[in-house]
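Good morning, colleagues. I would ask you to keep the sequence and the structure in view while I speak.

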Amino acid sequence: MDRTLESLASICRNSPWERKWLLGPSLSAGTQWIDSLARQQVPCINLIPATCDTLAREWARPVMIREGLNVLPDDVGPLILQAAWEQLPRSGYFRRLPASVGVLNSLVQTVADLRMHETRAEQLRSMADAAHSRTRLTDLAMLLEFWEAWLETHAFVDQAGILTLARRAICDASLTDCLVLVSEDVELEGVAQRFLEEIPDSQRHWVSIGQPPLPRDQSSASTQTHFFRAIGAANEIRGVLRRIVESKLPLDHVEILTTDVSQTAELLLDLLPEEKEGGDGLSRITLAQGLPISRSRPARALLGFVLWAQAEFGVQQFCQLLESELIPTGEQWGPVLAAALRRLGIKAGADHYVPAIDRELQRLQDSHLQTDDSDRQLVNTQVSRLQMLRGLCEQWIPAVQTLLQPGQSSFAAALQLLDGCVVRDAVDATARATIAAALQRQSQWQNTLGVTLLASSWLPTYLSKTRILQSTPRPGCLHVSSVFTGGQTGRPVCFVTGMEDRVFPGNIRQDPALSDAERQTLREDMVTGAQRHASGLRHVRRILSQDRERLFLSWSCASPDDGSELFAARLVHELAMENTQTSAEDWSQLLLDDVSEWPQSYAISDHSSAVNVTESRILTLLEHDAPRTLLEAMHPHFAAGRRAIQHRLENLNEYSGDVSLSTSGVTVFDNSQHVYSASALETLGRCPLAFFFSRRLKGFRAEEYDADLDRWLDPAVFGRLVHELFQKFLTSLQGAAPDFNQHWPQLKAMVVELGQQYERNYPPVSRSSCRQDLAKLLRIARTFLNEETRWYRRTGAIPAYFEATLGMPRRDDDTATALDCAEPVPLILNSGRRIFGHAQVDRIDRLSEHRYAICDYKTGSAWGYAQQSPFQGGRHLQSTFYTKLVQKVLRTSLSEQHTVTQFDYFFPGIRGDGLRVGWEAAQLEPGVQVLENLVELDQTGVYAPTNCADDCRFCDYRSVCGNVTELARAAAAWYQNDERLNGLREARDDAAK
């Protein structure tokens, strides 16, 4: 039993029946001492833990009741000073500062200090006459006067007032029969010190604290002091837990003192395993200072909303809320919704969200009618996500806008936002209840005081300083406290963490409104920042000198982020010297000699030190002779993946694309139910396996967003703009021949008009990016009209149909053509097999009365398109597919005499520079057989990978296939040996020639 408990035990035994107030540095410390006495079977009858403030409040209560006084709530102080703000002179010091919550909170503390030392406003003005900072001290005197006048007018008392009333009540007969036991480490100031001194000596007893350190030549204390290092704070806490596990220490025998309570608490909650599933994370830990409320999801969500509002509703802030899953998104994933939102390119502004989402919804709904079944599922998914986003915007944006409005409506909006936040555990529930109560109090007091405060400015300060779930030590629980205030549990094992020199002992903090020098000038006994700092260090030294079984001191020796070296604090060196009787000259090598083990890191060397199951499993895998076998036994899907990789390169089997051999429940698809598009067929020709992943398994790559300040429109939207420009221009000619000299002004005006329209619909990230894209569009338009003029002079072709929609419903009735049809178009192949197709054809030109040519715009590069190889080994089948499809529709809609005689790719883009690549219909006829060979592969379920690794350069499924070079090399042999691939191999061979 140490000196503290011995002193208390002696008093309790000598005065068992008297009422005894135990004044400790905190209520927690007093409670811990009483618990320790009870565990040692010392009678603790009528022993009540208290602090000077709680004792004064108890003794002053009768006086307050008689005089009709009320205790001033803690969070009303800033509102009182805000009410006084307008009374300060405009030429003064504080009126030049914004009346922010942070400034007001700081001034409240300064006024409280002045009140605790019974400082009068006249003293401040007198000191102002002789000081350089006259306006500041004068303003401070006015705030002090207003504070005191407000308390008197409204019958409230602050802490200084309570202590004054308690001093008056000391002689009350009801208080003369009690004892006040004062701990030696209680450090009071001002009115509190005088209150304590006025308690009669017969009632006041001092309690000895701790055990003084022994002289160096008598350092046979029973405490075993140990030191260890770690790479980062997380590994430091791992080191603590590993030593607890290795020594099999009961958790309630251990106290952790730390220099960073918030970080340590969060790391312990992350690392310490729960005894049962669904625990709230605090069943095995007690926290003297509690958890920062900002750790909870409701607090983080409110802070996110405030940042969103302050950033003028920028997309990035809202996406962070979604990605962190702080607001409910139904069955949708927050990160997925955030990706969908980023792709819209919405610029800052609350009124830009819903219109932008509506435009994209309309575009997707239009494209829904023009896509095949496999693409339609993706479109439906995108539509559902955007509808969810629209609902979230309509729900949250009005409330967040109200946060920026002063008065009670701002706090009512904060309550509304709080009610809609995600709550998943007890911490979140407690935080939401605490914040809601604080918001309601603030709203009520603002109404009472007649002041207005923005919730958006009040919330960040309140959430940064508020803590929840404070608790005293409990049986079976690890206790965590600050090294500057804790250490009174009497537990036999103590860990002191975060003892690197950049953190401990920290910097001296002075009051910005009243410096230490000014405090000393006002009153010699007024406590300064330096004195508070020194008091904290005295407490640390006193706690570390206590007699225990074991004491561990740890620090981070390196930063895990950049590997920079960190060093132990000076106090650690001093304790190491005392522990080893080493002189100061040996500091450089002292700790390295004493700390023989490597710094704590993520890895462990023995199962007995594993903190959780994950660490034990990792070590098991490292130790096992065949870790792969063990891993696959624990996780069967790893074994399936290994078999796929192992057998994928052997031959064309179920692991490499032959669905007909699959035993995993994947069946051959019924292609009679599918409608082919040109892009689907070209994917099938490029790589049947990629076609299987995208069109049959419908596995689409997750949406990604890459912010590019140099680009306004993404390629898909820019391509749509180009197509719309060409369509409107050629339609306006009404069958006339295009002529550059005559029509360039008209086309140039259309570029400006459409550019402005798209700028409204797709707000640019920057003006420069918009100008660059419009300049690019203008160059494309010039190239287009130049080439169209030459083309007409050479061929006489007149554009007849634009954006003809074949095999699917039309998205715009205003631009409908005579060829449009909603039902998929049937095509009969050479073998008599029937397939269905659909397409949206850019342009169909009339060459003569019954002869037509197809023109397809390509806004990108002409790379890969060659006159001598129209099909590129099955990779380019749009020409053949469109020729057959359009000819079928022409003959069905018009007459059997109509025929398509030519197909051209037109590259008006900057990289294409007006190039045309085209073929006569007869040259495209062999492509029908290539198309049929590909359909045969799809029909039989043979989805072989491509035999050319170049096909994989931009494939979405590259990571699925693994080493694409090896797979393509293996597939080349299958193409030669498997007769089912003969058709595709022949197409590849023809392209090679």
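I begin with helix H29, residues 715-733, which lies across S15, S18 and S19 and runs at about 135° to S15. Please bear in mind throughout that this is a predicted model. A further helix, H32, covering residues 878-893, packs on the sheet and touches S15, S18, S19, S20 and S21. The direction of H32 makes about 135° with that of strand S20, residues 899-907.

The sheet itself is open and consists of five strands with mixed pairing, in the order S15-S18-S19-S20-S21. Which strands stand at its edges? They are S15, residues 798-806, and S21, residues 915-920; each has a single partner strand, so one side of each is left without a neighbour in the sheet. On average, and with direction ignored, neighbouring strands here are turned by 30° against each other. Within the sheet, S18 (residues 839-846) and S19 (residues 851-857) run antiparallel and are joined by four bridges. Ile844, for example, has Ile854 in S19 as its bridge partner.

In soluble globular proteins, nonpolar side chains tend to be buried together. In this model the largest nonpolar core has 118 residues, of which Phe305, Phe318, Leu341 and Tyr353 touch the most other members. Helix H16, residues 373-403, gives the most to this core, with 11 residues. If we set aside neighbours within four places in sequence, Phe318 is in contact with Trp308, Ile327, Leu341, Tyr353, Leu392 and Cys393. There is also a second, separate core of 65 residues, which includes Leu819, Ala839, Tyr905 and Val930.

I now come to some backbone details. Glu312 is not a glycine, yet has a positive phi of about 60°. Glu312 sits in the loop between helix H12 (297-310) and helix H13 (315-323), and is exposed, with a relative accessible area of 56%. Glu325 likewise has a positive phi, near 55°; its place is the loop between H13 and helix H14 (334-342). At 29% relative accessibility, Glu325 counts as partly exposed.

Where does the cis peptide bond lie? It joins Phe504 and Pro505, with omega about 5°. Pro505 belongs to the loop between strand S13 (493-497) and helix H20 (516-522).

Finally, consider Ser559, in the loop between strand S14 (550-558) and helix H22 (570-580). Is this serine, Ser559, buried or exposed? Ser559 counts as buried because its relative accessibility is 12%, under the 20% cut-off. Beyond its neighbours within four places in sequence, Ser559 is in contact with Ser564 and Leu566.

Conventions: Residues are numbered from 1 along each chain as its sequence is written. This is a predicted model: local features need pLDDT of at least 70, side-chain atom pairs count only at pLDDT 80 or more; totals for chains, interfaces and linings use all residues. Side-chain values use heavy atoms; hydrogens and water are left out. Helices (H or I, at least four residues) and strands (E, at least two) are DSSP runs, numbered from the N terminus. Buried means under 20% relative accessible area, exposed over 50%, partly exposed in between (1.4 Å probe, protein chains only). Contact means heavy atoms within 4.5 Å. A nonpolar core is a set of buried Ala, Val, Leu, Ile, Met, Phe, Trp, Tyr and Cys residues joined through side-chain atoms within 4.5 Å. Two strands pair if DSSP finds at least two bridges between them. Axes are lines fitted to C-alpha atoms, for helices over the stretch in contact, and angles run from 0 to 180 degrees between N-to-C directions.
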